Amino acid sequence: MELFLIAHIAGRGVAIPAEQVGSVVDIGDVVAVPQAEAAIRGLTALRSRVVTVIDTGTALGLAPTPETARRAVITQVDGHDYAILVDSLEDVAPFERLPLSSGLALNHGWAAAASGLVDRDGEPMLVLDLTAVVPSSLPALVA
Amino acid sequence: MDDLLQEFIAETRETLEALSGEIVAWEAAPTDRARLDAIFRFVHTVKGSCGFLDIPRLARLSHAAEDVLAAVRDNKRVPDTALVNAVLAIVDRIGEIVEAIDAGAALDDASEELLITALAEDATPAAVPVHVATVRASSRSVRLNVDLLDRMMSGMSDMVLARNELARRLRDNVSDPHVDAALERLSLTVADMRDTVTRTRMQKIDALFSALPRMVRDTSAELGKAVNLVIEGSDVELDRELIELIRDPLAHIIRNAVDHGIESPADRLAAGKPATGRLVVSARQSGNQILIEISDDGRGIDVARIVSKAKDQALRTEAQIGAMDEDAKLDLVFEAGLSSRDTVTTVSGRGVGMDVVRANIEHIGGRIALCNMPGRGLRIVIHVPLTLSILSTIIVSVGTQRFALARQSIEEIVRVRGTQVRIDTIGDASAVAVRGRRMPLVPLAALFGLGDHDPGTLVIVSTREGDYALGVDDVLDAEELVVKPASPHVMATGVYAGQTLPDSGLPMLLLDGAGIAHVAGLRFSALAVAHDEAAADSVAGVQALLFDDLDGKRRVIALAVIDRVEPVATSAISFTAGALRLAIGGAIVPLHSVGTIGDREEVAVLRLTDGDSEMAYAIAEAIEIVELPPEMAPANGGGPIAGVVIIGGEQVELIDPHALFAGEPVRRASRPVCLLQSDSSGWMETFLKPALEASGYRCVTRLAAGETPAVALAMEDGPVEAVAAPIVTLRRNREGTGAQDHSIYRYDRPALIEELARRVAAQAGAQQEDSAPYIRAVTSGGAR
């Protein structure tokens with residue numbers, strides 16, 4: 001069993017591995033980063049740190065997360081802090097991580113970001129790998 | 001040297017502590033090779049350092065111990081108890097001496113011979129000397145890992161930011177004087193702490209320079225050159241990390257100077273230089289930068305060779321090179337792949353070129369500048385920031401956003417409002433002309449999609465490729481910021497250099513000047529050509545001084561006419577003998593004034609000169625030096641106005657110096673001396689002298705020492721002394737005595753003046769070699 005944080009992103013429930021979650025916050029004002037790709041909503045101050053805010057919807061190739069979204073999951077990738085915007089959060093619970101069912105055709109960014117499935121009371125949920133949501137870790141940007 | 005000694009002491013002490021376990025183990029098992037090696041390494045290191053630091057006692061001891069241990073390692077000797085004891089006695093002794101050096105105490109060396117003889121194979125087990133109880137100087141220094149310092153520094157930065165946030169929250173919510181006082185104290189402590197922590201990272205640049213004498217000695221010996229190294233400013237402090245980062249670039253530059261710069265003694269003598277080359281390495285602090293200067297008196301850089309190399313290696317095309325100015329050509333030495341030397345030597349030819357040197361220095365936010373004096377030497381100045389983590393920035397606003405810009409990259413800030421700045425649209429690109437200097441404009445608002453309003457302020461950003469104007473709405477502030485790298489995809493935009501959290505609590509991005517130029521698609525090579533053309537035009541243009549005249553009008557006068565601008569007391573000006581005159585420096589100069597001087601006590605005057613005569617022009621205020629446009633609308637009326645020119649969009653009258661000088665009975669700046677060979681009647685002094693002085697001569701009746709007259713006057717019946725000047729004879733009668741009589745009637749003023757002028761001119765022509773003493777060299781630019 002593994003701990004997962006259940007969240008809603010782009011209207012869908014996802015399970016985020018708890019080990020990737022630094023904290024859960026409501027972010028303050030976001031400073032835009034001109035010239036940056038669309039998935040970068042901007043920068044915000046979190047305590048005395050600067051975190052990069054990710055427009056999760058855009059990062060996954062879906063509709064942009066609304067401007068009003070404030071709730072975010074803080075994660076750290078390669079030494080940098082990111083705030084991954086979510087629609088809403090539920091709670092943390094242990095689940096068994098299952099492999100992605102074969103033949104499941106995922107589109108958009110889901111394919112890159114999903115790393116498994118969990119079964120919550122019969123409802124399957126994708127396991128979202130936060131490091132894959134952060135655009136810099138998408139292959140196109142590695143170079 | 002003291003630093004090195006301290007380092008040696010600290011290091012030896014540390015090793016000794018670590019070694020104590022090994023020593024005990026070796027005592028128990030003398031054949032243990034690993035233990036033996038550890039002790040051998042220790043004495044070997046001590047021996048090496050001693051030779052360098054000139055500590056002969058330690059050197060002798062460690063040398064003896066090393067010999068014995070080497071014999072053991074080669075199985076020539078068996079490590080018996082006596083040998084082990086003797087070696088250990090020496091190791092102990094080394095420790096004692098080191099402590100004594102540190103404490104500055106004297107230590108008796110009588111027993112050292114005993115210690116060394118005890119090492120001999122046939123030595124009778126000597127009584128191990130009783131250890132002198134040395135007082136260990138309580139150490140006031142600690143050796144720290146740089147990582148720890150880094151963590152301290154970054155912790156400090158976080159603390160500053162946390163304090164800022166706390167201050168902000170408190171400002172927003174409560175206003176309790178106790179809380180405010182506590183916060184105030186915290187702020188002070190934090191600021192103080194930040195200074196201290198910053199200092200812990202500082203190290204004397206001596207750490208970098210102390211290795212240079214040896215390096216220069218070895219390098220010059222290898223190349224058969226004689227170099228005298230002078231090091232200045234080794235007590236300047238610099239961030240430790242920076243010292244490490246500039247170590248290699250500096251070493252490279254110095255090797256280059258010795259290898260490529262300084263010539264062989266024979267060549268130097270042939271070039272009329274002393275056989276020993278001179279290499280000066282100096283460091284000094286200038287603002288928040290450290291300037292490290294390396295100058296040699298060698299042959300300098302042969303720009304033509306660099307250029308032909310660049311052509312040969314196809315780094316640049318002929319056309320590109322044609323468009324380059326000297327500086328740009330010189331900059332080619334920084335080009336990757338360009339080696340100025342035909343044969344690779346062991347010294348410099350190690351595949352590390354100046355391109356790497358420059359890249360390394362720029363990587364740490366520094367700059368490198370060359371000052372080439374072909375045949376006379378090369379000066380390289382490295383600018384490095386004082387510290388890596390705190391950056392001096394200015395804050396600019398664009399739309400609703402704010403950005404920081406590193407101050408070191410900013411050349412100038414100009415407001416668009418003034419008349420000095422003109423914005424042009426060339427095709428779909430924008431360019432600005434700031435005081436006649438044209439450069440591309442990057443409106444940040446448009447580039448960043450933050451609106452398309454016109455910029456209110458231009459920040460002239462200097463990059464490696466060239467300068468450009470960054471259009472922003474406003475410049476708000478200057479701030480010292482703790483800048484951290486931003487996340488990779490923010491950096492991937494190429495326009496940011498980092499992020500920071502200022503007191504406002506809103507994150508802010510640090511702009512990367514060079515990156516913006518790149519993203520905006522500026523191509524400097526093409527523009528550099530345009531700039532050169534502009535420069536060529538400007539050379540043809542005439543520099544002039546713009547000033548406010550006494551009548552309130554703005555006028556301009558060619559700069560070359562002005563000898564200097566100086567304030568004079570109005571009491572020195574008076575209307576005498578039909579004209580305004582200025583008494584200045586013991587001379588009387590005609591003064592031109594277009595308005596009334598009024599009740600001023602002081603007025604600025606332009607001292608004008610056409611080379612040999614002088615006059616003054618009273619003005620209200622000098623404004624600035626401008627360049628005269630080629631077109632001028634000619635004046636309609638007379639007077640000393642040549643016409644009207646457009647300067648900064650305004651019509652400005654151009655003074656006609658020709659008319660000024662033509663209209664005035666001018667006084668020669670340096671008047672030819674006329675020697676009056678006066679008789680006793682005093683007629684010459686009384687009657688002739690004023691008339692001649694009015695015509696621009698200086699009359700003397702007796703020559704001062706070293707004075708040469710331009711012309712001499714004598715009465716036909718008066719005494720005539722032989723002088724090295726043409727003599728004009730005056731007669732008392734109106735009529736001459738015949739054709740042979742070249743004398744002049746003494747009241748025939750026009751004839752006399754003409755004759756004097758003719759003789760002076762003939763004399764000056766004869767003396768052309770030493771350029772006629774009364775013609776003064778025109779000094780231009782003296783008005784600055």
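In chain A, 53% of the contacts with a separation of 6 or more are between residues 24 or more positions apart, a contact being heavy atoms within 4.5 Å. This is a predicted model, in which local features need pLDDT of at least 70 and side-chain atom pairs count only at pLDDT 80 or more, while totals for chains, interfaces and linings use all residues. Residues are numbered from 1 along each chain as its sequence is written, chains are lettered from A and ligands numbered from 1 in the order in which they are written, and side-chain values use heavy atoms, with hydrogens and water left out.

Chain A contains 4 helices and 10 strands; these are DSSP runs numbered from the N terminus, helices being H or I with at least four residues and strands E with at least two. Along the sequence their order is β-β-β-β-β-α-β-β-β-α-β-β-α-α. Of the 143 residues in chain A, 50% are buried, where buried means under 20% relative accessible area, exposed over 50% and partly exposed in between (1.4 Å probe, protein chains only). The accessible surface of chain A is about 6500 Å², with 52% belonging to carbon and sulfur atoms; areas come from the Shrake-Rupley method with a 1.4 Å probe, and for residues only the protein chains shown count as cover.

Chain B has 22 helices and 35 strands. Among its 784 residues, 43% count as buried. Residues 24 or more positions apart supply 65% of the chain B contacts with a separation of 6 or more.

The whole structure holds 6 aromatic pairs over all chains. Rings of Phe, Tyr and Trp (its six-membered ring) pair if their centres lie within 6.5 Å; planes under 30 degrees apart count as stacked, over 60 as edge-to-face and the rest as tilted. One of the pairs, B:Phe403 with B:Tyr496, is stacked, at 6.4 Å centre to centre and 20° between the planes. This pair links distant parts of the chain, strand β9 (residues 401-406) and strand β17 (residues 496-500) of chain B, its members being 93 residues apart. B:Phe403 is buried at 0% relative accessibility, and B:Tyr496 is buried at 3%.

The pair B:Phe547 and B:Tyr617 is edge-to-face because the ring planes stand at 75°, with centres 5.8 Å apart. It joins strand β19 (residues 543-549) to strand β26 (residues 613-627) of chain B, 70 residues apart. Both B:Phe547 and B:Tyr617 are buried.

B:Phe403 and B:Tyr496 also belong to one aromatic cluster with B:Phe448.
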